[in-house]
Each structure stands twice: as C-alpha cells, then as structure tokens.
Amino acid sequence: MFAWTSHGTELKRFSRQPITRAALAVMLLIPLLYGAMYVWAFWDPTARMADLPVALVNEDVPAARDGEAVHYGRDVVNELVDDASIGWRQVDAATAMAGLSSGAYYFAVTIPASFSHDIVSLGEDEPRSAHIAVTYDDTNSFLASTLGHTAMLQVQQAVNETAGQRAVDTLLVGVG
C-alpha cells in the first residue's frame with residue numbers, strides 16, 4: 001500500500017507564487033478604487049456648480065415702455081453671468097441644442113423673444129406671463145436635472161432682481 005502525506009493545502013501552494021498574490025491584490029483593489037472614485041465624483045455636486053457647463057440663450061427682443069426700450073432678457077443674462085456661481089455659456093439656440101446632443105452642456109436655459117414684451121404687458125389691459133424655457137439632457141448624468149433645478153433657483157432670483165422691482169413699479173403706476 002501507498003501512503004500519501006500532505007504537507008500543506010492547495011491554498012498554501014497558491015499563495016507561494018508572487019504572481020498569484022499580485023492578482024489577488026489587484027482583484028481586491030479595483031472595486032475599492034471604483035467605489036472611492038464614484039463616491040468622490042458625487043460627494044457634493046452643488047459645491048462645484050461653477051464648473052457645470054450650461055447653455056444660456058437670449059432670444060429676447062427689447063420692448064418699449066414709456067417711450068424707452070427695456071431689455072429684461074439682457075438684464076437677466078448679465079445678472080446670471082456676473083454672479084458666476086454656475087458655468088453659464090452664452091450661445092445661440094442652434095449651438096445650445098447641438099451642445100445638449102453632444103453632451104457639451106448639461107442643460108440649456110432659453111429666454112424667449114417675447115420675454116420683455118410679456119413683462120411690459122403687466123401694465124396693460126391683458127397682461128401675459130413671462131416664461132423661461134429649460135431643456136434638460138439626462139444622458140450626461142442622472143444629476144443633470146437635479147442640478148438644473150438648483151440652477152433654476154438662481155435664474156428665478158436673477159429675474160426677481162432685474163425685472164421684479166420694475167414689474168411691481170409698473171403695476172403700482174397702473175393701479176395709481
């Protein structure tokens with residue numbers, strides 16, 4: 001009869017080879033690195049909103065109020081760009097849509113041609129609501145629309161600061 005003696009296990013023999021130890025370390029390190037990079041990338045996205053490329057399109061046509069031209073769209077754009085807390089890029093509509101399709105912009109904010117006219121209409125018999133269009137592209141990141149909603153708070157504040165007081169003045173003069 002033969003007697004078999006074992007001086008170790010298969011795992012011990014596996015761990016003796018330097019290449020197998022390196023392969024095991026790499027297999028453990030890759031998921032750790034991937035997880036760390038994922039957490040780092042989404043740690044606090046609102047802290048770096050100035051790096052977020054956003055298309056800003058101003059199609060507004062000036063309106064006349066009391067014989068002088070008013071440029072509410074331009075004023076809102078200047079307020080947003082001067083604030084610089086978001087990476088606003090002033091472009092035309094075609095460039096904005098192309099940038100959304102290619103992923104160059106996370107979303108686009110468009111001030112329509114009737115923006116100033118709609119605000120001036122507050123002092124008229126048939127006032128109209130002024131609207132600003134926002135186009136989101138969630139193919140860049142699932143956070144694009146979430147960050148867009150945060151950015152729209154800044155747009156709303158800029159509209160209130162530039163056109164809000166003038167609109168209130170127009171209403172009060174109309175009522176008076």
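At 29% relative accessibility, Y136 counts as partly exposed, a class that lies between buried (under 20% relative accessible area) and exposed (over 50%), judged with a 1.4 Å probe and protein chains only. The model is predicted, so to speak of local features a pLDDT of at least 70 is required, side-chain atom pairs count only at pLDDT 80 or more, and totals for chains, interfaces and linings use all residues. Residues are numbered from 1 along each chain as its sequence is written, and side-chain values use heavy atoms, with hydrogens and water left out.

The search of the whole structure returned 1 aromatic pair, where rings of Phe, Tyr and Trp (its six-membered ring) pair if their centres lie within 6.5 Å, and planes under 30 degrees apart count as stacked, over 60 as edge-to-face and the rest as tilted. The ring centres of F107 and Y136 are 5.7 Å apart and the planes meet at 50 degrees, so this pair is tilted. Because F107 belongs to strand β5 and Y136 to strand β6 (residues 133-136), the pair ties together parts that are 29 residues apart in sequence.

Stepping back to the whole chain, the protein has 6 helices and 6 strands; helices (H or I, at least four residues) and strands (E, at least two) are DSSP runs numbered from the N terminus. Their order along the sequence is α-α-β-β-β-α-β-α-β-α-β-α. Of the 176 residues, 30% count as buried. Among contacts (heavy atoms within 4.5 Å) between residues at least 6 apart in sequence, 72% join residues at least 24 apart.

What lies inside? The largest nonpolar core has 24 residues, and V54, V76, L80, W88, V109 and F115 have the most contacts inside it. Such a core is a set of buried Ala, Val, Leu, Ile, Met, Phe, Trp, Tyr and Cys residues joined through side-chain atoms within 4.5 Å. Two or more residues come from each of β1 (53-58), α3 (72-83), β5 (107-111), α5 (115-120) and α6 (144-175), with α6 giving the most, 6 residues. Leaving aside residues up to four places away in sequence, V109 touches V54, A55, L56, V57, W88, I132, A133, V134 and M152. Apart from this core lies another, of 7 residues, among them A55, V57, V91 and Y105. In soluble globular proteins, nonpolar side chains tend to be buried together.

Elsewhere, V39 lies in helix α2 (residues 18-41) and, at 44% relative accessibility, counts as partly exposed.
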